[in-house]
Amino acid sequence: MCIFKEEQRFNQVWIIVLLAVSTLVPLAAIVSDYQKNPDGLTVTNLLLILAIILIAPALIFTIKLSTRIDEKGIYYKFFPFHLNYKKIPWEDIESAYVRTYDAISEYGGWGLKGGFFWRKSKGTAINVSGDKGLQLELKNGKKLLIGTQRTNEIQQILNTYKSKLEKHAYENN
């Protein structure tokens with residue numbers, strides 16, 4: 001039994017820099033304002049505001065995309081939006097392949113994207129970085145793209161389970 005596992009997080013340098021700047025600017029403004037007018041805020045309110053400004057961007061780093069592929073199917077979890085793995089059994093998959101995509105033009109960026117607000121025909125994308133993904137076309141007509149940084153390994157595991165896809169396609173015809 002072959003198993004593929006991958007975990008990805010938002011850890012790109014540009015995100016870290018963007019979050020640092022967007023955190024430091026309000027922090028500096030609030031602290032400066034407080035120094036000029038200490039009676040405008042209580043110390044408790046100041047600390048609460050500072051904590052919110054620091055915690056909010058830090059939550060980005062709790063987001064994690066987990067992918068698992070085994071003999072039963074393909075599983076994915078985009079924590080904290082999915083607390084448990086979502087399972088797609090092999091018999092529900094019409095086709096599965098690795099492809100290059102443009103996150104911005106096809107799905108509106110990275111994260112949990114697509115569907116109702118952005119190019120519904122492309123389906124849904126779950127990704128955290130890069131431009132490579134596992135494209136799933138389901139028998140119910142839905143499409144799901146799961147981002148990956150390990151295209152060679154995911155292609156090997158797909159080749160291993162290709163017979164499961166072909167078997168289910170043959171049984172349905």
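**A helix and its surroundings**

A: Helix H1 (13-36) is part of what covers the buried residues of helix H2. The model is a predicted one, and the values that follow are computed from it.

Helix H2 runs over residues 43-58, which makes 16 residues. From the first C-alpha of H2 to the last, the helix reaches 23 Å, close to the 22 Å expected at 1.5 Å a residue. The buried residues of H2 are Leu46, Leu50, Ile53 and Pro57. These four lie on the same side of H2, because they cover an arc of only 60 degrees around the axis. The face of H2 turned away from the buried side carries the exposed residues Thr44, Leu47, Leu48, Ile52 and Ile55.

Next comes helix H1, where Val21 is found. Val21 has a relative accessibility of 48%, so this residue counts as partly exposed. Together with Val13, Val17 and Val25, Val21 makes a nonpolar surface patch of about 370 Å².

The strands come next. Ser66 is found in strand S2, residues 64-70. With a relative accessibility of 2%, Ser66 counts as buried, because the limit for that word is under 20%. What does Ser66 touch, if its neighbours within four places in sequence are left aside? The contacts are Glu6, Glu7, Tyr75, Tyr76, Lys77 and Tyr85.

Strand S3 (73-79) and strand S4 (86-89) have a loop between them, and Pro80 is found in that loop. The peptide bond that joins Phe79 and Pro80 is cis, with omega at about 10 degrees.

Ile93 belongs to strand S5, residues 93-100. The relative accessibility of Ile93 is 0%, so the residue counts as buried. Ile93 and Thr62 are 31 residues apart along the chain, and 30 Å separates their C-alpha atoms.

Charged side chains are the last topic. How many salt bridges does a search of the whole structure find? The search finds five, and three of these pairs are described here.

One of them joins Asp70 and Arg68, with the closest N and O atoms 3.1 Å apart. Asp70 is buried at 4% relative accessibility, whereas Arg68, with a relative accessible area of 22%, is partly exposed.

Another salt bridge is formed by Glu106 and Arg99, whose closest N and O atoms are 2.8 Å apart. Glu106 has a relative accessible area of 11% and is buried. Arg99 is also buried, with a relative accessible area of 18%.

Arg150 and Glu153 form a salt bridge too, and there the closest N and O atoms are 2.5 Å apart. Arg150 is partly exposed, at a relative accessible area of 28%. Glu153 counts as partly exposed as well, at 38% relative accessibility.

How values were computed
Residues numbered from 1 in each chain as written. Predicted model: local features only at pLDDT ≥ 70, side-chain atom pairs only at ≥ 80, totals over all residues. Heavy atoms only, no water. Helix = DSSP H or I, 4+ residues; strand = E, 2+ residues; numbered from the N terminus. Expected span 1.5 Å × (residues − 1). Buried < 20%, exposed > 50% of the residue type's maximum accessible area, 1.4 Å probe, protein only. Arc of directions from axis to C-beta. Contact = heavy atoms within 4.5 Å. Patch = residues over 30% accessible without salt bridge, like charges linked within 9 Å, V, L, I, M, F, W, Y side chains within 5 Å. Areas by Shrake-Rupley, 256 points an atom, 1.4 Å probe, with all protein chains shown as cover. Salt bridge = Lys/Arg side-chain N within 4 Å of Asp/Glu carboxyl O.
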